[in-house]
Amino acid sequence: MCLRFVYRGNEMITGFNFDIDLAQWDHQVIEEEDRFYIGILRPDGIRHSYHGVNRSGNVGTLLYVHGNPAGACGEGPEVMTIADLTEQFIQARLSFDDVLRILKTRKIVYAPDATMQAMLSDREGRTLVIEPGIGWRLEKGRYSLMANESVLDWESTRPYRIEGDDRYQRADRILRSCGERLTVQESLELLRQVQMEGKWATRVYFVYSAGEQAVYYVQNGQFHQVKRYVFR
């Protein structure tokens, strides 16, 4: 599941809801000197950073989407998985401009075991929507928003929408009503309003303020315990 937005107002604010089934995935919030991320434990024994922020202001997130055959994993020097692209962006091994060059020269595919799409943004608010098998777009306008359906070809994933799941529409209405300024507190409230419950509940909510170079985050819906991590 999951939901991500980027707001380009008086400063760049981005928020993310991490929704996960604890029976299937082992996760941990990790604070490092140059990186804040949700570490997902993989079979290789490493907690991978598929959702996070680095010191330079790169923010990357992967969101589940119903797959399409055109995005199937492949091999070769011209192929790169969306998971590797996103993690290397968060690790600062790739800059925003590096990612743009890769998108123009290589085929982006799903990882072997998961069908995911990505939203990547930098400190200035430049934002990329990347959907394997469908394409990519450099976003414009006041805000960008992604959930668990295609943004570039909505009709392709419409049949797989969960009945009653209107998180995207509710978040879109909130963002559309905002003016020049969106605060951290307002962003956290937005994430709270569109949180998931049940088996795939929202486990981590985070908001990154480019102006403060800080991440505010909440775990397991405990909004009375908002934590703040600052890149120093």
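**Aromatic rings**

I began with the ring cluster, in which ring pairs link F16, F18, F36, F206, Y217, Y229 and F231. I took rings of Phe, Tyr and Trp (its six-membered ring) as paired if their centres lie within 6.5 Å, with planes under 30 degrees apart counted as stacked, over 60 as edge-to-face and the rest as tilted. The model is predicted, and I noted that local features need pLDDT of at least 70 and side-chain atom pairs pLDDT 80 or more, whereas totals for chains, interfaces and linings use all residues. Residues are numbered from 1 along each chain as its sequence is written, and side-chain values use heavy atoms, with hydrogens and water left out.

I found nine aromatic pairs in the structure. F89 and F96 make an edge-to-face pair, at 6.4 Å centre to centre and 65° between the planes. Both of these residues, F89 and F96, are buried; I used buried for under 20% relative accessible area, exposed for over 50%, and partly exposed for values in between (1.4 Å probe, protein chains only).

I then looked up Y205 and F223, which also form an edge-to-face pair, with 4.7 Å between centres and 70° between planes. This pair links distant parts of the chain, 18 residues apart: Y205 is in strand β13 (residues 202-209), and F223 is in the loop between β14 (214-219) and β15 (227-230). Helices (H or I, at least four residues) and strands (E, at least two) are DSSP runs, numbered from the N terminus. Y205 counts as buried because its relative accessibility is 2%. F223 has a relative accessible area of 23%, so F223 is partly exposed.

**Pockets**

I recorded about 490 Å³ of space in the largest pocket. The search ran on a 1 Å grid over the protein atoms alone: a pocket is an open set of points where a 1.4 Å probe fits, with protein on both sides within 12 Å along at least five of seven lines, and lining residues have an atom within 4 Å of a point. Grid points are joined across faces, edges and corners, and a volume is the space filled by probe spheres set on the points.

The lining of the largest pocket has 26 residues, with W25, Y50, H51, A114 and M116 nearest its centre. At least two lining residues come from each of β2 (12-19), β5 (47-54), β6 (59-64) and α1 (82-90). I noted 16 nonpolar, five polar and five charged residues in this lining; Ala, Val, Leu, Ile, Met, Phe, Trp, Tyr, Cys and Pro count as nonpolar, Asp, Glu, Lys and Arg as charged, and the others, Gly among them, as polar.

The second largest pocket has a volume of about 210 Å³. I found 15 residues lining it, of which N148, E149, Y160, R161 and I162 lie nearest the centre. Helix α4 (residues 167-176) contributes the most to this lining, with three residues. The lining divides into seven nonpolar, four polar and four charged residues.

**Single residues**

I looked up T81, which is in strand β7 (residues 79-81). Is T81 buried or exposed? T81 is buried, because its relative accessible area is 12%. Leaving out residues up to four places away in sequence, T81 touches C73, I108, V109, Y110 and A111.

P159 is in the loop between α3 (154-157) and α4. With a relative accessible area of 63%, P159 is exposed. I noted 35 Å between the C-alpha atoms of P159 and L94, which are 65 residues apart along the chain.

I also checked backbone angles. A92 is not a glycine, yet has a positive phi of about 70°. A92 lies in the loop between α1 and α2 and counts as exposed at 52% relative accessibility. N220, also a residue other than glycine, has a positive phi near 55°. N220 lies in the loop between β14 and β15 and is partly exposed at 48% relative accessibility.

Notes
Contact = heavy atoms within 4.5 Å.
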